[in-house]
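Dear colleague,

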Amino acid sequence: MHLILFVLFAGFCLAGAVNLLLQTHPINSALSLIVVMTSLAVLYLLLGAEFLAAAQIIVYAGAVMVLFTFVVMLLNAGREERTLGSRAASRIGFPAVAVVLAVLASLFIHAGNIGTAHLGTGLEKAATAGADNSNLTLLSQVLFHELLLPFEVTSILILIAILGAVALARAGHGEGTAAK
Amino acid sequence: MDVPLNWYLLLSAALFSLGVIGFLIKRNLITVFMSIELMLNAVNLSFVTFAYQWHAVKGQIFVFFVMMVAAAEAAVGLAIIIAVFRARATLSVDRIDLMKL
Amino acid sequence: MNVPSLHLWLIPILPFAGFLFNGILGSRIPKRLVTAVGVLAPLGSFLLVLNAAAASMISAPESCPSCGPAATAVALPHVETLAHAWINLGTLHVDFTLALDQLSLVMLLVVTGVGFLIHLYSVGYMGDEEGYARYFSYLNLFLFFMSVLVLAGNFLLMFVGWEGVGLASYLLIGFYFNKTSAAAAGKKAFIVNRIGDFGFLIGLFLLLAEFGTLTFRDIAWKLNTMASFSIFMHAGALPFNPGLGPIPSTGLLTVTALCLLLGAAGKSAQLPLYIWLPDAMEGPTPVSALIHAATMVTAGVYMIARMHTLFDHAPFALLVIAIMGAATAFFAATMGLVQTDIKRVLAYSTISQLGYMFLGCGVAAYSAAIFHLVTHAFFKALLFLGAGSVIHAMGGDQDLRNMGGLREKLPVTYWTMTIAVFTIAGFPPLAAFFSKDAILYAAYLHGPTGKLLWFVGLVTAFLTSLYMFRLWYMAFHGKPRKKLGHHHATPVSMLIPLVILAVLSFCGGWIGIGNVSSYLAPSVGAPRRMSAANAGPELLLTLAAVAVALLGWYIAYLYYSRRPEQPAQLAASMPAGYELLVNKYYVDEIYGAVIVKPLFAISKYGLGGVEFLLGGAAWLLGGMAGFAGMILQRWQSGNLRSYAAWLTAGAAAVLLFALVPWSAVWPASLHFISKVAGH
């Protein structure tokens, strides 16, 4: 069961990713990315990270990608033009990507037995299974006790990001006059 | 049947590479940005896998933080793209090559 | 026993304070203050030296009850060391040590005494000059360095003083720096001195290598102890090692002595390096009196006497010294015969008399040499100061041919100069008679070479008498050759030193060489031969010396007083010889062609080469930077995708080097290849 689900949704991930590369219109790419993210959420569920799966849907697929879609529509971005390619990109970039993939792949293939994923298990160890030890409880216990400071700092970071985004994207921004 | 965790990691590597390829070959600024988001997601997957392997909740918390930061980054990045579009009236990566707006 | 401190350090410091005061504030304070500070500083030093002399010579048995009735308040040698060491580097240990013994006491008396008199004289002589304060500050600086030189207890401190007096000499020779000839003369003096100092330094290094120490007493002690042990050490008969290290061979000691001699020759204007002294007459006359007659040029003699132990162990070096001294004395005397500038005559006379002192050192009669040094200081300073008075009266004219008949106009100067002239000629009972006689006698007793040297010395005495009386007649007697305009009366400050020096020249020698030798014996070694055994020959030699002096006077009288036209006729009859003498044997020209010109040429080519190298290197570096910049510039294209590509490449490289287990790759790849090939 686990295997079938994994193969299915991994396939959706890869298909979405490839489609992102192959589409010429950015809106199609955005929608493919949404597919990828949703499939990833299912994979998180398979790995017992329920909260993260929910967060993935809510934050990523529900907010970030919506933002992307808004911007695509706002800027009326059309199909990609055929412009001059970059020689560096093709000559250096692709071999580099190949190397990265090869290294990582070989590393992961030869990693040995690092375990298998069982459906229905998560972070809790077998001895401590119980209603009180759900994924969310564990997460929040660490997040709001030990890592409270990073949590608060992240909220400030988001505040700053909001301010920055508003300041940059304002219509009457001084540096933002379009070059005629 | 259970899935070896290596496969999750391989999937993560593949998604990451696809993200890098997209970063290299795409000409629309927004699409490039989307490839970056793809890369981030691939890394998130590997984090969750390792968290499962080591039964460590900190791995998932890290994913949580990555998501937060990615969201903030997406907001600011898109604002920048809007500003650049206003200045240059183009979203093609190859045409935006001067530092001075 | 409580040794009272003589505060030796004050002796150099007082003039140094005077230098600083007049040097920094001189132009802003009234002239009287400059004079007061400039003259009182050397007076203070002189009084301190007198105090030291009194403390060491006046019997004071109560200061040391156990020493016996001959005890003095302070026993010589008296050493004062600064508490903080100067150099403390491994085995090299040098202190700021001031050592007073009989030799340095005598030198100090001369330096500070004559120095003070000349400072006093300068008040009147330089009264109208601009740069008055600068003059006194330089003069005080000289006195500071000279005291340091004399008081030094080790070679390094002496070298400080040695270099310093060279510096002060340069500053004072080039005092009228607006005159090109004066500036050039200053440079020449300093450079020639430097050549000598090079020898001095090599000698220092050799001493350090041989003895491991630069202190005079230690070196002397080591030399003496090594000499006594040497027989046993060579035979291997000593059961223990006295810890002296390997004995330096006589050859090495000779080389050391010769190097030090080079330094002395430079400073004391001996034969190869005398060329700077006649040119040094460009400086003010009191400077010539102090530095180039009485004190600085005698530093070489002092150094040789101080290190007499070393020279005693290197007989070849002593022979070189004696020959160098005699030759210099003779050559300088011949050159002095035809000079027309009054100061040049005196300059060559100084070189000649210094040759006598070197001759004295060369025959190991160090006390005689020092005795002559002292009397020479008196009469030479007197001669120069008198010449200054003459020049002052002549309104700055120094040419002998324009003088004459000054006898009536400058009576004090005339009588003091007369005493000086008779002294230098060697007439008894004046001072130089005793000292010169002592040197010539010691030379005569020094074996067959000694007799030859004695003869050269005798001829030189004749020439000395001749040219000094020539000067006397031309300057003071006869009819005035040039109309003297406004006649400046000589100020009192100039006359007092003349009188004092005249008195000293008159009676300075009465102390006798015997007393001098026995007084100086603790510092310069016992005199080689006692004079009591050879009374007969000594009397004969003395009579010979007086005879040649009288002969010189008579000939000078003939040529310059009775028949003044005779010198010109004589010169005309020997034109080549006359030209040779007047042009100083063309020595300056020879040096210029052989040494100076090639040096300039090498420097020019060297400079060109260096400039080429440096310029080339700089051009190369700049070029490389620019070239690299041009290449790297193309990397920053602004193209986002190429940036992305390079980013990826960088990441790939990092991953590659971090994650691949390189140590296992090579065997693994071999294994893989063999597996593939095997299939």
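**What was found in the three chains**

From the N terminus on, the elements of chain A run α-α-α-α-β-α-α, which amounts to 6 helices and 1 strand. Please keep in mind while reading that this is a predicted model. Chain A has 180 residues, of which 29% count as buried, and among its contacts with a separation of 6 or more, 57% are accounted for by residues 24 or more positions apart.

Chain B, read along the sequence, follows the pattern β-α-α-α, with 3 helices and 1 strand. Buried residues make up 59% of its 101 residues, and 48% of the contacts in chain B between residues at least 6 apart in sequence join residues at least 24 apart.

For chain C the count is 27 helices and 4 strands. Of the 679 residues of chain C, 48% are buried, while residues 24 or more positions apart make up 79% of the contacts in this chain with a separation of 6 or more.

**Helix 1 of chain B**

Helix 1 of chain B covers residues 5–25, and its 21 residues reach 31 Å from the first C-alpha to the last, which is close to the 30 Å expected at 1.5 Å a residue. Because 18 of these 21 residues are buried, helix 1 of chain B is largely enclosed by the rest of the structure.

**Where chain A meets chain B**

In the contact between these two chains, 76 residues of chain A touch 65 residues of chain B. On the chain A side, the elements that give two or more residues are helix 1 (2–22), helix 2 (26–46), helix 3, helix 4 (87–109), strand 1 (116–117), helix 5 (135–145) and helix 6 (148–169). Sorted by class, that side of chain A has 59 nonpolar, 13 polar and 4 charged residues.

One part of this contact can be described in terms of two helices. Two packed helices are described by the angle between their axes and the distance between the axes. Helix 3 of chain A makes the contact through L52(A), A55(A), V59(A), Y60(A), A63(A), V64(A), L67(A) and V71(A), and helix 3 of chain B contributes Q60(B), V63(B), F64(B), M67(B), A71(B), A74(B), A75(B), L78(B), I81(B) and I82(B). By class, the residues of this helix contact divide into 17 nonpolar, 1 polar and no charged.

**Where chain C meets chain A**

The contact between chain C and chain A takes 14 residues from chain C and 11 residues from chain A. On the side of chain C that touches chain A, the residues fall into 10 nonpolar, 3 polar and 1 charged.

With best regards

Key
Residues numbered from 1 in each chain as written. Chains lettered and ligands numbered in written order. Predicted model: local features only at pLDDT ≥ 70, side-chain atom pairs only at ≥ 80, totals over all residues. Contact = placed C-beta atoms within 7 Å. Nonpolar A, V, L, I, M, F, W, Y, C, P; charged D, E, K, R; others polar. Expected span 1.5 Å × (residues − 1). Buried ≥ 20, exposed ≤ 12 C-beta atoms within 10 Å, placed from the backbone.
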